[in-house]
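Hi everyone, thanks for coming. I'd like to walk you through one structure today, so please have it open while I talk.

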Amino acid sequence: MANSPNPCSYPHRYIWQVHIALAILKIIGYDLSLINFKAITKSMKILQQHDGSFIPTHIGAETDLRFVYCAAAISYMLDDWSGVDKEITKEYIQNCQRQAVDGGFQGRSNKASDTCYGFWVGGVLKILGGSKFIHKEALQKYLLSCQSKYSGFSKFRGDLPELYHSYYGFSAFSLLEGEAGLNSLCVELGITNRAACGG
């Protein structure tokens with residue numbers, strides 16, 4: 001990416017791949033200031049839609065709060081928000097992603113609440129300084145309703161648990177802070193602060 005003058009010259013680059021690459025570099029202690037991140041921020045400007053949402057790639061796709069999380073985490077790690085219009089991003093979250101009646105969060109306004117969005121939405125709100133918009137008790141109740149008697153979490157209430165939603169269910173609980181037995185979370189990396197520090 002650093003040698004490419006055109007951020008669109010990689011048509012299949014996805015925003016979550018950039019997030020994962022930067023997260024790995026940060027975890028191993030690479031100095032992110034050495035990256036030519038102007039191509040990344042320029043690319044993110046193109047991915048942000050007029051309503052504040054993000055598409056995952058330059059060739060289009062659906063908008064989803066997972067991609068808003070990735071853009072916020074990338075900006076936070078690079079300490080450069082020039083690729084994100086924070087105000088319309090906040091409006092997007094407020095307008096279409098209010099906490100659902102059941103206490104959970106949706107990825108888009110036309111979807112049912114889903115365990116993993118407790119992390120995706122909670123994480124982006126925390127990065128943007130909007131944790132006050134999370135009704136913590138309602139989210140906790142929703143997450144517990146998706147916890148399986150077999151252990152772990154399911155995507156929806158009543159489904160069987162699986163690893164993906166178990167991971168993000170526990171991550172969402174960590175964002176609530178003060179949950180007994182859970183370590184605090186390094187939100188932009190999606191891992192515990194202890195793991196992020198190599199401890």
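Let me begin with a question: in which loop does F37 lie? F37 sits in the loop between helix 1 and helix 2. Before I go on, a word on what you are looking at. This is a predicted model, in which local features need pLDDT of at least 70 and side-chain atom pairs count only at pLDDT 80 or more, while totals for chains, interfaces and linings use all residues. Residues are numbered from 1 along each chain as its sequence is written, and side-chain values use heavy atoms, with hydrogens and water left out.

Back to F37, then. At 19% relative accessibility, F37 counts as buried; buried means under 20% relative accessible area, exposed means over 50%, and partly exposed is in between, with a 1.4 Å probe and protein chains only. Not counting residues up to four places away in sequence, F37 touches L32, L78 and D80, where contact means heavy atoms within 4.5 Å. F37 and G83 are 46 residues apart in sequence, yet their C-alpha atoms are 9.9 Å apart in space.

Now the overall layout. The chain has eight helices and two strands. Helices here are DSSP runs of H or I with at least four residues, strands are runs of E with at least two, and both are numbered from the N terminus. Along the sequence, the pattern reads α-α-α-α-α-α-α-β-β-α. Of the 199 residues in the chain, 47% are buried. If you take the contacts with a separation of 6 or more, 61% of them join residues 24 or more positions apart.

Next, the core. In soluble globular proteins, nonpolar side chains tend to be buried together. A nonpolar core, as I use the term, is a set of buried Ala, Val, Leu, Ile, Met, Phe, Trp, Tyr and Cys residues joined through side-chain atoms within 4.5 Å. The largest one here has 51 residues, and I15, F54 and Y69 touch the most other members. Elements giving two or more residues to this core include helix 1 (15-27), helix 3 (65-78), helix 5 (117-127) and strand 1 (185-186). Helix 3 provides the largest share, eleven residues.

Have a look at V124, in helix 5. V124 counts as buried, at 0% relative accessibility. Leaving aside neighbours within four places in sequence, V124 is in contact with L65, V68, Y69, A72, I93 and F119. V124 and V187 are 63 residues apart in sequence and 8.3 Å apart, C-alpha to C-alpha.

On to helix packing. Two packed helices are described by the angle between their axes and the distance between the axes. The axes are lines fitted to C-alpha atoms, for helices over the stretch in contact, and angles run from 0 to 180 degrees between N-to-C directions.

How do helix 1 and helix 3 pack, and at what angle? Their angle is about 35°, with the axes 9 Å apart. The crossing is left-handed, which is the label when the near helix is turned anticlockwise from the far one by less than a right angle; clockwise would be right-handed. Among the residues that meet are I15, W16 and L22 in helix 1, and Y69, C70 and I74 in helix 3. By class, this contact has 13 nonpolar, one polar and one charged residues. For those classes, Ala, Val, Leu, Ile, Met, Phe, Trp, Tyr, Cys and Pro count as nonpolar, Asp, Glu, Lys and Arg as charged, and the others, Gly among them, as polar.

For the pair of helix 6 (residues 136-145) and helix 7 (residues 163-176), the axes come within 11 Å and cross at roughly 160°. Helix 6 and helix 7 are therefore roughly antiparallel to each other; the cut-offs are under 35 degrees for roughly parallel, over 145 for roughly antiparallel, 65 to 115 for roughly perpendicular, and oblique for the rest. The contact of helix 6 with helix 7 holds six nonpolar, two polar and one charged residues.

Last stop, the backbone. Most residues other than glycine have a negative phi. D79, which is not a glycine, has a positive phi of about 55°. D79 lies in the loop between helix 3 and helix 4 and counts as exposed, at 67% relative accessibility. S151 also has a positive phi, near 95°. S151 belongs to the loop between helix 6 and helix 7 and is partly exposed, with a relative accessible area of 48%.

That's my tour, and I'm happy to take questions.
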